[in-house]
Amino acid sequence: MAPVADLKDELDIVIPTIRNLDFLEQWRPFFQPYHLIIVQDGDPSNAIQVPNGFDYELYNRNHVNKVLGPKASCISFKDSACRCFGFLVSKKKYIFTIDDDCFVAKDPSGKEINALAQHIQNLLKPSTPLFFNTLYDPFAEGADFVRGYPFSLREGVSTAISHGLWLNIPDYDAPTQLVKPRERNTRYVDAVMTIPKGTLFPMCGMNLAFDRELIGPAMYFGLMGDGQPIGRYDDMWAGWCAKVICDHLGLGVKTGLPYIWHSKASNPFVNLKKEYKGIYWQEDMIPFFQSIVLPKECKTVQECYIELAKRVKDKLGPVDPYFQKLGDAMVTWIEAWNELNPPPQTAALAHTNGVEKN
C-alpha cells in the first residue's frame, strides 16, 4: 500500500455537517495531514466548532450563494447532498467524503482501519469491469488473475470511484429499518471488487472516494431535502448517473473495503417521510438508467451529463414534474462546474487576458 502521505497535497476531505465536528478527534491520526472542506447545512448563523490543528475551509449557505449566485439553486438545502458544493470548489485531484456520525472501525484483529489509506489504494490501482475475477480484486496483495481470465483484459481500466462499507449500523432504507430495528452489521469481509460494466449499485455517500478529474462533474447529489419532494436518494442518484457515465467512458468503480464505524441510526419514521416517493420512483428510475446508451459523440463527463439531463426530463419527467426540475438543476450544476473548473486551456486564456487575478 502506498503511504497515506503520498496524496496529502492531492486530496481533499469533504464533510457535510449540522453540528460540531468532535468526531474528527478520533480521525486525527489519519486526517490531520489533509485539507478539509466542511459544508455546513442548515442555519448559517449557527457556529460550527472544529477541533484545533486541522487545515480546513468552512462553507455555509451564505458562501454557497455568494460563490454561485443564481446557480446556487442547484445545491440542496437541509440534506447531506450539500456536500457536492465541496466537490465543486475543491481544486484537488481526489476527494474523500465522510459523514460526521462515522468513526474509525477495527478489523477482526482489533487494529484500527485507516479508511483513507484503503480508498487511496483502491483509486490508484486499476479496476476490471469488463471481466469478473473470482478472487475479487486481482491487484490486491496476495491476489492475482485466475485461470481463464483473458490476458488482453488484465491491464484493467482507471478507477474513478471507491465505495466503502460500514460496520455497526447498516445503510438501510426506512422500511427495512422498521422491521429490523436491532440489526447490526458485524461481518467484516476482507475484499474489494469491481462492479461489472452494465451493473448499477446503490451508492452510499458516507464513506466514499473518487477521482475528481475523472468523474467529478457526474458526482452531483441532486436536488433533495428542504423544498423538494424527496430526500435520502442524493448519493444513490449520483451513483446511478456516475456509473452509467463510467461504463460509457471506460472507467471503473470499486466497492468493499474500507469499513468505517457508523455510529447511529437515523429515525426510520423521519426517513420514511423523506424516502416514500423515492421508493415508488426507483421502480421507474432503475429501468431508466439500465436502458441508457450514451452516444459516441459524448466524450467528456460534462457532455455525458448534459445528455443524461435531457433524458431525465424526457423519460422521467412524465413520472413527476420533479424530474423536470431535477434535469434543469443537472444542467445548472454542469454550468457551475465549468465556471469554477475551466479546462486548462480556458483558464490559461483567461489569465492571459487579465481576467484571472490572485
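Visitor: What kind of model and numbering are we using?
Guide: This is a predicted model, where local features need pLDDT of at least 70 and side-chain atom pairs count only at pLDDT 80 or more, while totals for chains, interfaces and linings use all residues. Residues are numbered from 1 along each chain as its sequence is written, and side-chain values use heavy atoms, with hydrogens and water left out.

Visitor: OK, where is T17 found?
Guide: T17 sits in strand 1, residues 11-17. Strands here are DSSP runs of E with at least two residues, helices are runs of H or I with at least four, and both are numbered from the N terminus.

Visitor: And what does T17 touch?
Guide: Leaving out residues up to four places away in sequence, T17 touches I38, V39, Q40, D41, I48 and D100. Contact means heavy atoms within 4.5 Å. A polar atom of the T17 side chain also lies 3.1 Å from the backbone oxygen of R19.

Visitor: Switching topic: how many salt bridges does the structure hold?
Guide: There are 14, each being a side-chain nitrogen of Lys or Arg within 4 Å of a carboxyl oxygen of Asp or Glu. One of them pairs D12 with K92, with the closest N and O atoms 3.0 Å apart. That pair links distant parts of the chain, 80 residues apart: D12 is in strand 1, and K92 is in the loop between helix 3 (84-89) and strand 4 (94-98).

Visitor: D12 and K92, buried or exposed?
Guide: Both are buried.

Visitor: What does K254 form a salt bridge with?
Guide: With D137, at 3.7 Å between the closest N and O atoms. This one also links distant parts of the chain, from K254 in strand 9 (residues 252-262) to D137 in the loop between helix 4 (115-124) and strand 6 (159-168), 117 residues apart. K254 counts as buried because its relative accessibility is 1%, and D137 counts as buried at 9%.

Visitor: How about E307 and R311, what separates them?
Guide: About one helical turn, because they are four residues apart in helix 9 (residues 301-316). E307 counts as buried at 18% relative accessibility, whereas R311 is partly exposed at 22%.

Visitor: Which residues are linked in a network of salt bridges?
Guide: K93, D211 and E213 are linked that way.

Visitor: Now cavities. What's the rule?
Guide: On a 1 Å grid over the protein atoms alone, a cavity is a set of points where a 1.4 Å probe fits but cannot get out, and lining residues have an atom within 4 Å of a point. By this rule there is one cavity of 30 Å³ or more. The largest cavity has a volume of about 40 Å³, volume being the space filled by probe spheres set on the points, which are joined across faces, edges and corners.

Visitor: Which residues line the largest cavity?
Guide: V39, Q40, D41, G42, R61, V64, I75, S76, F77 and C82. Strand 2 (35-40) and helix 2 (61-68) are the elements that give two or more residues to this lining.

Visitor: Last one: how many residues of helix 4 are buried?
Guide: Nine of its 10 residues, so to speak mostly covered. Among them are A115, H119 and L123.

Terms used:
Polar contact = N/O pair within 3.5 Å; in protein donor to acceptor, adjacent residues only side chain to side chain. Buried < 20%, exposed > 50% of the residue type's maximum accessible area, 1.4 Å probe, protein only. 1 Å grid on protein atoms, 1.4 Å probe; cavity = no way out; pocket = protein on both sides within 12 Å on 5 of 7 lines; lining within 4 Å.
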